Amino acid sequence: MSTAYDLTGAGPDGGTAGGAGIAGVAGVVAGVATDWAAADPYSAALRTGRGPLFLRRADGWLLPLEVERWCARADPADLAILDRCEGAVLDVGCGPGRLVAELAARGRPVLGIDVSEAAVAHTLELGGQALRRSVFDPLPGEGRWATVLLIDGNVGIGGDPLALLRRAAALLVPGGLLIAETAPVDVDERAEVEVVDLPEARGTGRAFPWARLGTPALLRYAAREDWRAAGQWTAGGRCFVALRSRSARSSADPPKSTAVISSQWARNPSAERPVADR
């Protein structure tokens, strides 16, 4: 039997579902959404679809960001991710929305969230649904998503892998699927970074916490939070890990049986208010 989920964000008592234990984390990272969204080089790059764009540490180390790939259509490595998705999908840090748009074109229930107004607007233009939110904000359907995506380095959001894994578990149904992209090297680092468009450019003045994890590091953190490894693979020079959250209760429906009440989604979202707050 299918289960219809009301993805409005209201729990059975009218409160937000799945938010327990997150308030402290949200307070710690409250500035992250504002800092990233205020990074004008990022917004400008998404609007043009071109780089260069970097995350820069205080010591000058640079991580190139693949803006052109993010703004293109889903490539074969992306499609391999989407083929593994189950039920309703939440794309955390959806960027310009290529994965959201592809899943929507397949008729899959999917929502993207991103702290960048430009990213949300681009996703809407592609025909996807998106909200301007941090993953640590209250979100629709907490505890009822079948799949959560952390792609394109988004496993680094907030600079605290354990906090992000706990938040992902709260968003998922019991036994839900997390698919994360990891760094193609064995790394486990956390740093303050800022977004710049040129190595020598002045930054935004708003550094924010970020993490880089290779597959071994992510699996170590996942084991501490009772996640179960469900697969590892590489494609197009990129590395991916699939994880299962704590086992579903015997009375719960399997993730693939999830259905979404389509009437809960806004019919004509705007860039300023992409999905109605309910």
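1. Contact here means heavy atoms within 4.5 Å, and among contacts in the protein chain between residues at least 6 apart in sequence, 68% join residues at least 24 apart. This is a predicted model, in which local features need pLDDT of at least 70 and side-chain atom pairs count only at pLDDT 80 or more, while totals for chains, interfaces and linings use all residues. Residues are numbered from 1 along each chain as its sequence is written, and side-chain values use heavy atoms, with hydrogens and water left out.

2. The protein chain has nine helices and 13 strands, where helices (H or I, at least four residues) and strands (E, at least two) are DSSP runs numbered from the N terminus. Of its 278 residues, 54% count as buried, a term that stands for under 20% relative accessible area, with exposed being over 50% and partly exposed in between (1.4 Å probe, protein chains only).

3. Helix 7 (residues 117-125) is largely enclosed by the rest of the structure, because seven of its nine residues are buried. These buried residues are Ala118, Ala119, Val120, Ala121, His122, Thr123 and Leu124, and what covers them includes helix 3, helix 6 (98-105), strand 5 (110-114) and strand 6 (130-132). Helix 3 (residues 40-48) has buried residues of its own, namely Pro41, Tyr42, Ser43, Ala45 and Leu46, and is followed by Gly49, whose phi is positive, near 75°.

4. Helix 8 (residues 161-171) packs against helix 9 (residues 215-224) at an angle of about 60°, with the axes 10 Å apart; axes are lines fitted to C-alpha atoms, for helices over the stretch in contact, and angles run from 0 to 180 degrees between N-to-C directions. Helix 8 is therefore oblique to helix 9, given that angles under 35 degrees count as roughly parallel, over 145 as roughly antiparallel, 65 to 115 as roughly perpendicular and the rest as oblique. The contact is made by Pro161, Leu162 and Leu165 of helix 8 and by Leu218, Tyr221, Ala222 and Arg224 of helix 9. By class, these residues divide into six nonpolar, no polar and one charged, where Ala, Val, Leu, Ile, Met, Phe, Trp, Tyr, Cys and Pro count as nonpolar, Asp, Glu, Lys and Arg as charged, and the others, Gly among them, as polar. Helix 8 is mostly covered, with nine of its eleven residues buried, including Leu164, Arg167 and Leu171.

5. Helix 5 (residues 76-84) and helix 6 pack at an angle of about 55°, with their axes 11 Å apart, and are therefore oblique to each other. Asp78, Leu79 and Leu82 of helix 5 meet Arg98, Leu99, Glu102 and Leu103 of helix 6 in this contact, which by class has four nonpolar, no polar and three charged residues.

6. An open sheet of four strands has the order 3-2-9-10, with antiparallel pairing; two strands pair if DSSP finds at least two bridges between them. Its edge strands are strand 3 (62-64) and strand 10 (208-213), each of which pairs on one side only, and the twist averages 45° from one strand to the next. Strand 2 (residues 54-57) and strand 9 (residues 188-196) are joined in the antiparallel sense over four bridges, with Glu194 of strand 9 as the bridge partner of Arg56.

7. Strand 11 (residues 228-235) and strand 12 (residues 238-244) pair in the antiparallel sense over seven bridges, and Gln232 stands opposite Val241 in strand 12. Their hairpin has two residues between the strands, and Gly236 takes a positive phi near 60° there.
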